[in-house]
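Here is a friendly briefing for anyone opening this structure for the first time. Have a look at the sequence and the model, then read on.

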Amino acid sequence: MALLGCHLNKKLFPKPGVDKEIVEEGFAQLIDANFPAMKGYHPITDAVEKLYHKWKNEKFQLLIEQLKNTGIPGFTDALFFLYDLSGDAADKLIDLIEQTKQKNLKDKKMHDFSMIFEKGKYGVSFISISSSPEKLDENLMNLCVARKYKTRADVWLGLGWITSSSNVIDEIVFNKKPWSEDRNLEDFSKIILKTGILINKFGKKVGRNDPCPCGSGKKFKKCCGK
């Protein structure tokens, strides 16, 4: 009960550099206070409202709704992937998407970034482009395939946007096939990944001499940035 209360109140996302946390038993009281009020036995009070975490991001919610509205069964795991992002990670993802869109609007050139989590196990790529949906589809797919392979990730989500669109995103691709070595994909990745930037989970660009965020222990320039 305490773990459930803590999850609803704070979401159980691990803190950077922390491998264990103690959950106070008092979180269980939030469940006890909420249940009878939701059943209509008691009036809703401030104590009841304390159960739920207050993080909100309107554009992130629009992204979730747009993904839901596709009606594609295979995107269920993509939704879970997004739901699993902490509030800070979701905020940084949306901020980077908006910054990339603004670059595209300003110079009419294609801009993209990729963001990785859990030492490279999961990742997201975003492309903003001024040309046709077909061109967006091709570029987004190529970037995601190359970045997923180069990062040795098992799960990858791709999002794309066209300059003239009023949508949050216009293209979605998702793949959860476990990584495996492939000579053709290795050569393909070397061609595709000549442009674009890689972002770590804290929303900062990975420098050439920084530790590679995939967790290999190598410098970025000697690993995924090679």
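In this predicted model, helix H4 passes helix H5 in a left-handed crossing, meaning that the near helix is turned anticlockwise from the far one by less than a right angle. Helices (H or I, at least four residues) and strands (E, at least two) are DSSP runs, numbered from the N terminus. Residues are numbered from 1 along each chain as its sequence is written, and side-chain values use heavy atoms, with hydrogens and water left out. Local features need pLDDT of at least 70 and side-chain atom pairs count only at pLDDT 80 or more, while totals for chains, interfaces and linings use all residues.

**Helix packing**

- Two packed helices are described by the angle between their axes and the distance between the axes.
- H4 (residues 58-69) and H5 (residues 76-83) pack at about 165 degrees, with axes 10 Å apart; axes are lines fitted to C-alpha atoms over the stretch in contact, and angles run from 0 to 180 degrees between N-to-C directions.
- That angle makes H4 roughly antiparallel to H5, a label for angles over 145 degrees.
- Phe60, Leu63, Ile64, Leu67 and Lys68 of H4 make the contact with Ala78, Leu79, Leu82 and Tyr83 of H5, where contact means heavy atoms within 4.5 Å.
- The axes of H4 and helix H6 (residues 87-107) come within 9 Å and cross at roughly 85 degrees.
- That makes H4 roughly perpendicular to H6, the label for 65 to 115 degrees.
- On the H4 side, Lys59, Phe60 and Leu63 meet Ala90, Ile94 and Glu98 of H6.

**Strands**

- Strand S3 (residues 155-162) and strand S4 run antiparallel and are joined by five bridges; two strands pair if DSSP finds at least two bridges between them.
- Gly158 stands opposite Val173 in S4.
- S4 (residues 171-175) is mostly covered, with four of its five residues buried, that is, under 20% relative accessible area with a 1.4 Å probe, protein chains only.
- Met115 is found in strand S1 (residues 111-117), and because its relative accessibility is 0%, Met115 counts as buried.
- Met115 and Trp156 are 41 residues apart in sequence, and their C-alpha atoms are 9.9 Å apart in space.

**The whole protein**

- The protein has eight helices and five strands, which run α-α-α-α-α-α-β-β-α-β-β-α-β from the N terminus on.
- Of the 226 residues in the protein, 40% are buried.
- Among contacts between residues at least 6 apart in sequence, 56% join residues at least 24 apart.

Definitions and conventions
Buried < 20%, exposed > 50% of the residue type's maximum accessible area, 1.4 Å probe, protein only. Parallel < 35°, antiparallel > 145°, perpendicular 65-115°, else oblique.
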